[in-house]
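Please look over the fold below. The report covers its helix, its cores, its salt bridges and its surface.

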Amino acid sequence: MLGKIVTVTVDRPMGTYHPEHSDMFYPVNYGYIKGIIAPDGEEQDAYIVGIDEPVKEFTGKVIAIIHRNNDIEEKWVVAPVDKSFSKEKILEKVHFQEQYFDSYVIM
């Protein structure tokens, strides 16, 4: 999947809170990729990095995969095709949610 161009439908825009966990603030846009089913049976979740405003939809490149050792899910990291980020920067941007999991970045 790395390097693939995908479109993310954003259901948790940057600047909003999780619908069930009111203390979880989203500093990045977060959503799913229609038509790609993840191991949890739902559509594939994705973080969007490199966009500094809330969006409803975004097309970009999968630059990393967040693998969770203690969960069935993996999260994809999608960015504009002309931007790149280090593993450290990606972890910094997704820490708000990944802090609850034993996860690492695959690039």
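Helix α1 has 12 residues, yet its end C-alpha atoms are only 13 Å apart. A straight helix would reach 16 Å at 1.5 Å a residue. That expected span is 1.5 Å times one less than the number of residues. Helices (H or I, at least four residues) and strands (E, at least two) are DSSP runs, numbered from the N terminus. This is a predicted model: local features need pLDDT of at least 70, side-chain atom pairs count only at pLDDT 80 or more, and totals for chains, interfaces and linings use all residues. Residues are numbered from 1 along each chain as its sequence is written, and side-chain values use heavy atoms, with hydrogens and water left out.

The buried residues of α1 are I90, V94, F96, Q97 and E98. Buried means under 20% relative accessible area, exposed means over 50%, and partly exposed lies in between (1.4 Å probe, protein chains only). These buried α1 residues pack against β2 (29-37), β3 (43-48), β4, β5 and β6. Contact here means heavy atoms within 4.5 Å.

The largest nonpolar core has 16 residues. A nonpolar core is a set of buried Ala, Val, Leu, Ile, Met, Phe, Trp, Tyr and Cys residues joined through side-chain atoms within 4.5 Å. Y47, I63, I66, V77 and I90 touch the most other members of the largest core. Elements giving two or more residues to this core are β4 (57-68), β5 (74-79) and α1 (87-98). Leaving out residues up to four places away in sequence, I63 touches L2, V49, V77, A79, F85, I90, I106 and M107. Apart from this core lies another, of 13 residues, among them A46, V55, V62 and I65.

A search of the whole structure finds five salt bridges. A salt bridge is a side-chain nitrogen of Lys or Arg within 4 Å of a carboxyl oxygen of Asp or Glu.

| Pair | N to O distance |
|---|---|
| D45 and K75 | 2.6 Å |
| D71 and R68 | 2.9 Å |
| K89 and E92 | 3.1 Å |

D45, E73 and K75 are linked in a network of salt bridges.

In the second pair, R68 is buried, with a relative accessible area of 3%.

K89 and E92 both lie in helix α1, three residues apart, about one turn of the helix. K89 is partly exposed, with a relative accessible area of 33%. E92 is exposed, at 54%.

Which residues make the nonpolar surface patch? L2, Y104 and I106 do, over about 240 Å². Patches are made of residues with over 30% relative accessible area and no salt bridge: like charges are joined within 9 Å, nonpolar side chains (Val, Leu, Ile, Met, Phe, Trp, Tyr) within 5 Å. Accessible areas come from the Shrake-Rupley method with a 1.4 Å probe; for residues, only the protein chains shown count as cover. I106 is found in strand β6 (residues 103-106). I106 is partly exposed, with a relative accessible area of 31%.

D11 is found in strand β1 (residues 5-12). D11 is partly exposed, with a relative accessible area of 44%. Not counting residues up to four places away in sequence, D11 touches Y30, G31 and Y32.
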